[in-house]
Amino acid sequence: MAISWKFEEVEIKDYEIVPDGEYDVRITYVDDSKTTSNGDPMAVVTLAVVGHNCTINHRIVFFSNPDQREITNRNLTGIYRGFPNIIKGSMPSKVWVGKVGRAQIGHHEYDGKVYNDVKKFLVGEKKPVADVSTDDLPF
């Protein structure tokens with residue numbers, strides 16, 4: 001079947017820069033296949049700020065250097081506290097997708113642009129898992 005479509009150009013909006021503050025965030029994607037420049041495993045967790053047009057990529061590095069292992073454990077502890085529906089000790093994976101938590105959002109500047117950034121995860125309360133099915137897509 002051929003696609004029939006009447007194209008109408010629309011304005012493409014940049015992602016919103018939210019004011020500093022506390023927000024509910026939902027995990028929309030987890031890529032656990034990344035590595036750092038020195039070869040340490042890394043997961044990139046994509047977070048959507050609930051009620052806003054923005055996403056944040058949050059990186060979790062699994063440091064191989066024993067002196068840096070505490071950093072990884074501290075970052076995972078923050079995730080487990082902020083997302084109480086994630087099982088403590090579980091590693092970043094697709095089962096995290098849809099989980100809702102709470103985070104302190106701030107900003108960082110890179111290459112002359114301002115980006116939203118997770119400053120820390122806040123102790124969250126268990127919330128229903130958001131439906132992330134494809135049934136809501138407009139096509």
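**Figure 1. Overall fold of the predicted protein chain.** The model is predicted, so local features need pLDDT of at least 70 and side-chain atom pairs count only at pLDDT 80 or more, while totals for chains, interfaces and linings use all residues. Residues are numbered from 1 along each chain as its sequence is written, and side-chain values use heavy atoms, with hydrogens and water left out. Of the 139 residues in the protein chain, 34% are buried; buried means under 20% relative accessible area, exposed over 50%, and partly exposed in between (1.4 Å probe, protein chains only). The accessible surface of the chain is about 9900 Å², and 52% of this area belongs to carbon and sulfur atoms; such areas come from the Shrake-Rupley method with a 1.4 Å probe, and for residues only the protein chains shown count as cover. Among contacts (heavy atoms within 4.5 Å) between residues at least 6 apart in sequence, 49% join residues at least 24 apart.

**Figure 2. The open sheet.** Five strands form an open sheet in the order β3-β2-β1-β4-β5, with antiparallel pairing; two strands pair if DSSP finds at least two bridges between them. The edge strands, β3 (55–61) and β5 (113–122), each pair on one side only. From one strand to the next, the twist averages 40°. Strand β1 pairs with strand β2 (residues 41–49) in the antiparallel sense over eight bridges. R26 stands opposite A48 in β2.

**Figure 3. The helix against the sheet.** Helix α1 lies across β3, β4 and β5 and runs at about 80° to β5. For this angle, axes are lines fitted to C-alpha atoms, for helices over the stretch in contact, and angles run from 0 to 180 degrees between N-to-C directions. T72 belongs to helix α1 and is buried, with a relative accessible area of 6%. When its neighbours within four places in sequence are left aside, T72 is in contact with V61, F62 and F63.

Figure 4. The structure holds six salt bridges, each defined as a side-chain nitrogen of Lys or Arg within 4 Å of a carboxyl oxygen of Asp or Glu. In one of them, the side chains of R102 and D24 meet at 3.1 Å, N to O. R102 lies in strand β4 (residues 100–110) and D24 in strand β1 (residues 21–35), so this pair ties together parts that are 78 residues apart in sequence. R102 is partly exposed at 25% relative accessible area, and D24 is likewise partly exposed at 23%. E22, D24 and R102 are linked in a network of salt bridges.

**Figure 5. Two further salt bridges.** The side chains of D31 and K34 form a salt bridge at 3.6 Å, N to O. D31 is buried at 15% relative accessibility, whereas K34 is partly exposed at 38%. Another salt bridge joins the side chains of E70 and R74 at 3.3 Å, N to O. Both E70 and R74 lie in helix α1 (residues 69–82), four residues apart, about one turn of the helix. E70 is exposed, with a relative accessible area of 57%.

Conventions
Helix = DSSP H or I, 4+ residues; strand = E, 2+ residues; numbered from the N terminus.
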